[in-house]
2 protein chains.
Amino acid sequence: MSRPLDADSAPPEPAMNRVAQAGLTCPVPAGEADRVQLGHGSGGKLSAALLRERFLPRFGNDVLELLGDAAVIPAPGADLAVSTDSFVVNPLEFPGGNIGHLAVHGTVNDLAMMGAEPQYLAAGFILEEGLSFEVLDRVLDAMSEAAREAGVLVVTGDTKVVERGKADGMFINTTGIGRLDPEFRPDPTRASTGDAVIVSGPIGSHGVAIMAAREDLGFEAELSSDTACLAPLVSALREACGPGVRCLRDPTRGGMASALNEIAASSAVGIRLEEDALPIPGPVRAACEMLGLDPLYVANEGILVAIVSKDRAEEAVQALRSHPVGRSAARIGTVTGERPGLVLLRTGLGASRVVDMLPGDQLPRIC
Amino acid sequence: MSRPLDADSAPPEPAMNRVAQAGLTCPVPAGEADRVQLGHGSGGKLSAALLRERFLPRFGNDVLELLGDAAVIPAPGADLAVSTDSFVVNPLEFPGGNIGHLAVHGTVNDLAMMGAEPQYLAAGFILEEGLSFEVLDRVLDAMSEAAREAGVLVVTGDTKVVERGKADGMFINTTGIGRLDPEFRPDPTRASTGDAVIVSGPIGSHGVAIMAAREDLGFEAELSSDTACLAPLVSALREACGPGVRCLRDPTRGGMASALNEIAASSAVGIRLEEDALPIPGPVRAACEMLGLDPLYVANEGILVAIVSKDRAEEAVQALRSHPVGRSAARIGTVTGERPGLVLLRTGLGASRVVDMLPGDQLPRIC
C-alpha cells in the first residue's frame, strides 16, 4: 500500500467532503509549515506533496515513477513485484485483528493487486522498551498465521528496540516480493467505458473498527476490522475472467473514494456508483454518522475493488462470492465515457454528487 | 545486518568483557522479565533469545533458518539475496553521516557480504510529527547520494507519520534485493586453517562517533563515523582473489569480536588476532578508554572483515587498499586449527586472551 507515492492522484482543486466538513481534518498550524504534520502520512494531498517535493526529485527513476501499489523489477524468467509498508496502527490490537494481521495482509494485498503471486516477506520490527511479551506473542502469532494462509514465507527479519517513550508499543515494516505473470497484469490505466465496478465485500469496516476502539462509541461489539488476505480472491477472478479483469485496487487509506478516483484519473474515464448498491453494514453506517465520516473515505483492509469488462461482470461477482472473504461481493457501478477523471454517486432518488479525492487529512494511524 | 537473527552465535557461558565491566550493560530490572528490554535489540544474548524463543518457532522455514546477513531466495536465472533492516540511530545526524547514509549502507553492505550485487531498495519511513523538513531533506539527500554511489535504485517506498512523542524524529526501514552469482558465494562456514584474517579499515569509528555525539566527550572533532558502501571493496576482492575469498562480514552491532566469533563458530575453527596489527585510530582508542569500551565490540558501518586463503592474502590487502574506503586495509590474524570456535587475541607481549561474544547488551541505537 505504497499510497503516499500516488502523487498524481490528488485533483488540482479538491472540494470539501463530509470528513472535512465534520472538522476531522488537521489543518497546518501557523509556523509549522516547515515541519512534518500528521497529514503527511495520511495518503491525502499533503502526502502527495511530500512525495512530489521531497522524495521523487531525489529518488526518481523509471521504476519508482510508475508509482503503483508495488514496484515492478525485471528479473530473468518472471518480473518481480516488490512492495513495502510500515504499520503504525493505534491501538495495536482491535476488534477483528492486530498489527500483525495488517503487516502481512497489507503488503501481500498490494502484491496481489498487481496480479502478482505473493511469495516472500521480509519483516522489520521496532519495539518500545517495556512492550509486554504477551502482546508481542499475539502479534507474532497473527503474522505467522496470516503468512501461512497467504502462502508467503518470512525469509529475513530485523529487530530494534528503542527506549520507553520513543515509540508507541511497536511498529512493523514488511516488504513483500511476488512473481508477476505477463499474462495477467491488471493496471489502473486499463478501465474503459462500459466496464463494471465490483467490490468484494462490505465497505468501511476496518477504519470504523479502529476509530471505535479508540473512541468508546458504545457499540464496538458490532464493529470488526475486515483485515484479510485478498490473494485468493484475485486467483478466483483471474480464473473466471482472465484478462477481463482490467484494474484491481485494495481501498485502504483514503477508502473506496480514493481508489476509484485514482482509477478514473489513470484511465481517463468517468465512474458512476449506485448508492443503493453499496454494501455498507448498518453498524458501519451508524458509527460513521456518529463520527461524522463518509464510509466511502474510510479505510478497508480486506476488500478489493475490481474493474471488469462488461461481459465478465456476472462471472466476476460469482467468483468472488465463491470465497468466504468475497461472499458479499456486489456490482456497485459502471465505467462511463462521461466526465473523465470524475467519480459520481447516483443516489436512490436519481440525483448525482461528485465523490472527490480526500482533500485534507484522514484519520491517522489506522494501519 | 539482520544480526538479531544470529541466534546460534552466543556461546553458552559468555565471560564478562570490558563493556560489561564498565557498567554499560542494561541488566533486566526485577519484574520486567515479561517485557521487551533495550537489550533485546542489541544483537547480543537477549536478541538471540528473542529470536530463538519467539520468532523462529513461528516463522521457521528453510530460508529463514540459515540466518545469514541476508536471505537467499531462489529465482530463475540467478538467486536473489534479500536483506531488511530498521534504522533507529540516535542522534539522527552525527559526525560523518546521518541516518540516511546508514539506511542505505547498512542494507547494501549486508547484500555485498553475501557476495551479491546490490540492485534495488525499498524504503519505509516513520516520521514523528514536528520533524523539521530541514533534517528530513538532509537525510533524503544522504540516501539519494548513497544509493547513487552504491548503484542501487530506490524502487518503492512508504511514509507514515505518528503523533509528537510517539517516535523519535524518524525511523527508516530499508529492504535490499541483490543478484547472487553461484561462482562467488563467501559464507561464514568456509574458513579453514591457515586462512588470513583481513580488515578493510580502522576499527571502532562508528560506534565511538555516535557515543561522542551523545556524551560530549570534548574531542568529538576527531571522531567520525566510517559509514560507507562496501560493495566496491567486495568487487575488488573478488577480482583479486576469486573463490579465495572464503567469508565476508561487516562488523556492525557487536563489532569485530562478534563477527569473528560467528565465523569461528560457523566454520568450527580458531581465529588468532595480533593485537599490534589491529588498525585502531588514536582518537577511537582514547574515546574507548574514557567510555570504558573495548574497540573490538564497537560497531562499524564502513569496514569489512574478510577470511581469505593464505596464498591470496597479499593480493587481498592490495586490492582493498586500491580503493579509498579500503586504504588502511591490514592483515590482523590467522585462522587456526586450535580451540575451534574461539577467537584469541595475542598481545604484543605474547600473551593471549579470549575475545568472547558480547555477553549482555551493547550500546543502544547506534544504527
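B:A268 counts as exposed because its relative accessibility is 53%. Here exposed means over 50% relative accessible area, buried means under 20%, and partly exposed lies in between (1.4 Å probe, protein chains only). B:A268 sits in the loop between α7 (255–267) and β10 (270–274) of chain B. Its phi is near 50°, a positive value in a residue other than glycine.

This is a predicted model: local features need pLDDT of at least 70, side-chain atom pairs count only at pLDDT 80 or more, and totals for chains, interfaces and linings use all residues. Residues are numbered from 1 along each chain as its sequence is written, chains are lettered from A and ligands numbered from 1 in the order in which they are written, and side-chain values use heavy atoms, with hydrogens and water left out.

### Chain A and its helix α7

Chain A has nine helices and 14 strands. These are DSSP runs, numbered from the N terminus: helices are H or I with at least four residues, strands are E with at least two. Of the 367 residues in chain A, 65% are buried. Contact means heavy atoms within 4.5 Å. Among contacts in chain A between residues at least 6 apart in sequence, 86% join residues at least 24 apart.

Helix α7 of chain A covers residues 255–267; its 13 residues should span 18 Å at 1.5 Å a residue, and the end C-alpha atoms are 19 Å apart, which agrees. The expected span is 1.5 Å times one less than the number of residues. Because 11 of its 13 residues are buried, α7(A) is largely enclosed by the rest of the structure. Among the buried ones are A:M256, A:L260 and A:I263. The buried residues pack against β8 (196–199), β9 (245–249), β10 (270–274), β11 (305–308) and β13 (343–346) of chain A. Just after the helix, A:A268 takes a positive phi of about 55°.

### The interface

The contact takes 76 residues from chain B and 76 residues from chain A. Together the chains bury about 7000 Å², 65% of it on carbon and sulfur atoms. Buried area is the accessible area (1.4 Å probe) that two parts lose on being put together, summed over both. In chain B, B:V36, B:R58 and B:F133 lose the most area to chain A, together 11% of what that side buries.

There are 14 salt bridges between chain B and chain A. A salt bridge is a side-chain nitrogen of Lys or Arg within 4 Å of a carboxyl oxygen of Asp or Glu. One joins the side chains of B:D168 and A:K166 (4.0 Å, N to O).

### Backbone exceptions

Most residues other than glycine have a negative phi, and most peptide bonds are trans. Which peptide bonds ending at P91 are cis in each chain? The table lists them.

| Peptide bond | Omega | Location of the proline |
|---|---|---|
| A:N90 to A:P91, cis | near 5° | loop between β2 (80–87) and β3 (93–94) of chain A |
| B:N90 to B:P91, cis | near 0° | loop between β2 and β3 (93–94) of chain B |

B:R365 also has a positive phi, about 55°, although it is not a glycine. B:R365 lies in the segment after β14 (352–354) of chain B. Is B:R365 buried or exposed? It counts as buried, because its relative accessibility is 5%.
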